[in-house]
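The structure I consulted follows.

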Amino acid sequence: NAPIFGIDDQGLVNEWNNKAVEITGFSRDEVMGQDLVQVYITKEFRVSVKRVLDDALNGTEAANFEFPLFTKQDKRRVDVLLNATT
């Protein structure tokens, strides 16, 4: 299984599957409604991840874009491969 997460047009998390919970340690309830980029993406990747997500929301899909998420317990960096679609 792959981690699957979704955001609305404001960048707020509206989907977070069990694999995303397993990998990051953040429960679905913890992340729902949070700003994905500002809260869970490492600082050096925020601009590029936001651009990819904004492009996807505007109809430009992205495939195999790698970016890091923070884990809950030890704030460890976990690299995730993103395929962004609308």
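Entry 1. I looked up N17 and found it buried, with a relative accessible area of 19%; buried means under 20% relative accessible area, exposed over 50%, and partly exposed in between (1.4 Å probe, protein chains only). The model is predicted: local features need pLDDT of at least 70, side-chain atom pairs count only at pLDDT 80 or more, and totals for chains, interfaces and linings use all residues. Residues are numbered from 1 along each chain as its sequence is written, and side-chain values use heavy atoms, with hydrogens and water left out.

Entry 2. I placed N17 in the loop between β2 (13-16) and α1 (18-24). Helices (H or I, at least four residues) and strands (E, at least two) are DSSP runs, numbered from the N terminus. Leaving aside neighbours within four places in sequence, N17 is in contact (heavy atoms within 4.5 Å) with A2, P3 and I4. I also noted that a polar atom of the N17 side chain lies 3.3 Å from the backbone nitrogen of K19.

Entry 3. I turned to salt bridges (a side-chain nitrogen of Lys or Arg within 4 Å of a carboxyl oxygen of Asp or Glu), and the count comes to seven. One of them joins the side chains of R77 and E44 at 3.5 Å, N to O. This pair links distant parts of the chain, 33 residues apart: R77 is in strand β4 (residues 77-84), and E44 is in the loop between α3 (36-40) and α4 (46-57). R77 is partly exposed at 42%, whereas E44 is exposed at 55%. I recorded a network of salt bridges linking E44, R77 and D79.

Entry 4. I found K50 and D54 four residues apart in helix α4, about one turn. Their salt bridge has its closest N and O atoms 3.0 Å apart.

Terms used:
A polar contact is a pair of N or O atoms within 3.5 Å; within protein, one must be able to donate a hydrogen and the other to accept it, and residues adjacent in sequence count only if both atoms are side-chain atoms.
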